[in-house]
Amino acid sequence: NCGSHRGQLVSAMVKANINGIARYGKCFHNKDGSSCNPEQFYHNDNEGSRDAVKTSLSSFHKFTFSLAKTFSWDYFTEKRYQALLGGSVPIVWNNHKSLDYLPDPDAALIVDWKQYDAIKASNRIQEMAANETLYQTIFEWKKRGLPADFVQKLFLSSDFVGCRICEYVA
């Protein structure tokens with residue numbers, strides 16, 4: 001899916017030499033599981049295809065491309081949560097409910113998939129990556145705590161990350 005909207009945006013940022021963004025997967029990846037401690041892997045998966053590996057890879061970067069490859073009305077990729085758990089800022093597509101599935105509207109960089117502008121997004125990321133004070137403002141939401149409706153949504157999924165933690169411990 002390297003030529004999709006996602007691929008075009010990532011490609012433009014790579015060409016603009018935007019650094020500090022985790023990119024994993026088949027296209028444009030800049031880090032893979034071989035750089036992680038195998039004990040961190042989900043069932044020793046080092047292909048960057050499971051949650052723990054993607055979370056670990058995200059933790060090496062200030063930002064993580066967490067863009068779904070498809071645009072569906074109610075589809076949200078798990079990548080946004082992997083980035084958040086890794087302490088990285090997810091870059092996500094804006095769809096009709098994107099903000100409803102984030103712990104806070106400020107917790108991610110939102111890119112409008114209908115009218116995305118790679119240069120504008122690149123400039124915003126560069127500005128935030130270069131200014132640590134500005135970058136830290138992204139994390140102010142953590143001081144406010146998780147809204148009850150967001151926590152409730154997390155438990156609606158049969159693939160809740162808490163269940164993955166239990167699987168790993170088991």
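The model is predicted: local features need pLDDT of at least 70, side-chain atom pairs count only at pLDDT 80 or more, and totals for chains, interfaces and linings use all residues. Residues are numbered from 1 along each chain as its sequence is written, and side-chain values use heavy atoms, with hydrogens and water left out.

The protein chain contains eight helices and four strands, where helices (H or I, at least four residues) and strands (E, at least two) are DSSP runs numbered from the N terminus. Their order from the N terminus is α-β-α-β-α-β-β-α-α-α-α-α. Of the 170 residues, 39% count as buried; buried means under 20% relative accessible area, exposed over 50%, and partly exposed in between, with a 1.4 Å probe and protein chains only. The chain exposes about 9700 Å², of which carbon and sulfur atoms supply 53%, as computed by the Shrake-Rupley method with a 1.4 Å probe. Contact means heavy atoms within 4.5 Å. Among contacts between residues at least 6 apart in sequence, 57% join residues at least 24 apart.

Helix α1 (residues 5-15) has Gly 7, Leu 9, Val 10, Ser 11 and Met 13 buried. These buried residues pack against β1 (21-22), β2 (63-65), β3 (89-94), β4 (109-112) and α4 (118-130). Just after α1, Asn 17 takes a positive phi of about 60 degrees.

A nonpolar core is a set of buried Ala, Val, Leu, Ile, Met, Phe, Trp, Tyr and Cys residues joined through side-chain atoms within 4.5 Å. The largest such core has 21 residues, of which Met 13, Ile 21, Phe 63, Ile 91 and Ile 125 touch the most other members. Two or more residues each come from α1, β2, β3, β4 and α4, and α4 gives the largest share, four residues. Setting aside residues up to four places away in sequence, Ile 91 touches several residues, including Ile 21, Phe 63, Leu 109, Val 111 and Ile 125.

Strands β3 and β4 run parallel and are joined by four bridges; two strands pair if DSSP finds at least two bridges between them. Asn 94 stands opposite Asp 112 in β4. In a regular strand the side chains alternate between the two faces of the sheet. In β4, Leu 109 and Val 111 form the covered face, and Ile 110 and Asp 112 the uncovered one.

The loop between β3 and β4 holds Leu 99, which is partly exposed at 40% relative accessibility. Leaving aside neighbours within four places in sequence, Leu 99 contacts Pro 105 and Ile 110. Asp 104 lies in the loop between β3 and β4 and is buried at 10% relative accessibility. With the neighbours within four places in sequence left aside, Asp 104 is in contact with Trp 141 and Arg 144.

Rings of Phe, Tyr and Trp (its six-membered ring) pair if their centres lie within 6.5 Å; planes under 30 degrees apart count as stacked, over 60 as edge-to-face and the rest as tilted. The count comes to three aromatic pairs. Phe 63 and Tyr 135 form an edge-to-face pair, 5.5 Å centre to centre with 75 degrees between the planes. Phe 63 lies in β2 and Tyr 135 in α5 (residues 132-137), so this pair ties together parts that are 72 residues apart in sequence. Ring pairs link Phe 63, Tyr 135 and Phe 139 into a cluster.
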